[in-house]
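We will go stop by stop.

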Amino acid sequence: MKALVHDKVSPHMLRLGSAEPPAPRPDQALVEVVSFSFNFGEVAFRSPEAPAGLIPGWDAAGVVARAAVDGSGPPAGTRVVTFGWTGAWAELRAVDTANLAVVPDGLDLGATAALPVAGVSALQALRALGPIVGRRVLITGASGGVGRFAVQLAHLAGARVIASVGSPERGEGLAELGASEVIVGPEALRERVFGVVDNVGGRQLADAYLRLEAGGTVVAVGKASREPTTIDFEEARIQVDRGRIEAFNLHAPLGQELATLVDFAERGALSLPIGWRGDWVDYREAADHLLNRRIKGKAVLDVRRVS
């Protein structure tokens, strides 16, 4: 089969080549991939020490080619969106049945590849804040994939959402997704916030922390800035009353939460924020645009069978 494989001497350490088809475990379905997505973290922070020929990739959508032999999961022919820490960027992937969700016919199957890591990260991060009805919630890096999902989900949960972006142009469309305010950087906040979902790291994470209400929380999800965060805790003790920072890690399996997001999307309550979509042979273009912050939302690559 064809796949994007790890090759440390190629641009983005990726090469479109050949690989052996996966051999599913009894609790895994074999899925014929229709589309997959790029997440900033899996492109920006790839390790050159990965084994040559490894197939990376977290998110993919497709059709079950062979059901799991243990009887779990959907039958062959079912449309599904899937998650796993490797193997998405290929014509076939083996996936744990606990990490997939059925996609109804009314949704664009390929578009649901935008959901798993970005959508579920947004959902889990917001849950970590606790009840947010009527609360002010700041989303930094709101123009990205996690950010655009977080804006929508926080709005659905009843929060007053403040979306922080890098420029006014990056903020276009966020009000329509549910943002009450769109600002350029946390320093532009006019009032303190109950909670923060931070996707940027670096100075923005420190700035956001200093603008918490008493007992507020920052959930540190991403590091789009690629900068370390330094916080002056002497200053913080003066400005913040019992604020805390929680480092975020995605908790798998994702199947149930994926099903929730698919249901929201089917009902029209959740938009799938795709800022770039094209053929997977153009993976270098997609990666370039993603890393240079030229995409509002997610990059989705459609898998065209190549000989």
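Start with the record. The UniProt annotation "domain: Enoyl reductase (ER)", from an unreviewed entry, covers residues 9-301. UniProt positions are given here in the numbering of this structure, feature names are shortened, and annotations may be inferred rather than shown by experiment. Select that span: the C-alpha atoms at its ends lie 22 Å apart, and it is 24% helix and 28% strand. Helices (H or I, at least four residues) and strands (E, at least two) are DSSP runs, numbered from the N terminus.

Two notes before moving on. This is a predicted model, in which local features need pLDDT of at least 70, side-chain atom pairs count only at pLDDT 80 or more, and totals for chains, interfaces and linings use all residues. Residues are numbered from 1 along each chain as its sequence is written, and side-chain values use heavy atoms, with hydrogens and water left out.

**Stop 1: a loop with positive phi**

Select His12, in the loop between β1 (2-6) and β2 (14-18). Its phi is near 60 degrees, a positive value in a residue other than glycine. Now select Met13, in the loop between β1 and β2. Phi of Met13 is near 55 degrees, also positive in a residue other than glycine.

**Stop 2: the open sheet**

Colour the strands β10-β9-β8-β11-β12-β13. In that order they form an open sheet of 6 strands with parallel pairing. Two strands pair if DSSP finds at least two bridges between them. At the edges are β10 (179-184) and β13, each pairing on one side only. Neighbouring strands are turned by 20 degrees against each other on average, direction ignored.

Zoom in on β8 (residues 136-140) and β11 (residues 193-198), a parallel pair with 3 bridges. Which residue in β11 stands opposite Val137? Gly195 does.

**Stop 3**

Show α3. This helix lies across β8, β9 (160-165) and β10, running at about 165 degrees to β9. Axes are lines fitted to C-alpha atoms, for helices over the stretch in contact, and angles run from 0 to 180 degrees between N-to-C directions.

Look for contacts, meaning heavy atoms within 4.5 Å. The α2 side includes Ala118, Leu123 and Leu126, and the α3 side includes Val146, Phe149 and Leu153.

**Stop 4: helix α7**

Glu257, Leu258 and Leu261 in α7 meet a set of α2 residues, among them Val120, Gln124 and Arg127.

Step back to the loop between β13 (244-247) and α7 (255-266), where Pro253 lies. A cis peptide bond joins Ala252 and Pro253, with omega about 5 degrees.

**Stop 5**

Finish at β14 (residues 274-279) and β15 (residues 298-302), which pair in the parallel sense over 5 bridges. From β14 the chain passes through helix α8 (residues 283-291) to β15, a right-handed β-α-β crossover. Right-handed means that, with the strands pointing away from the viewer, the path from the first strand over the helix to the second runs clockwise.
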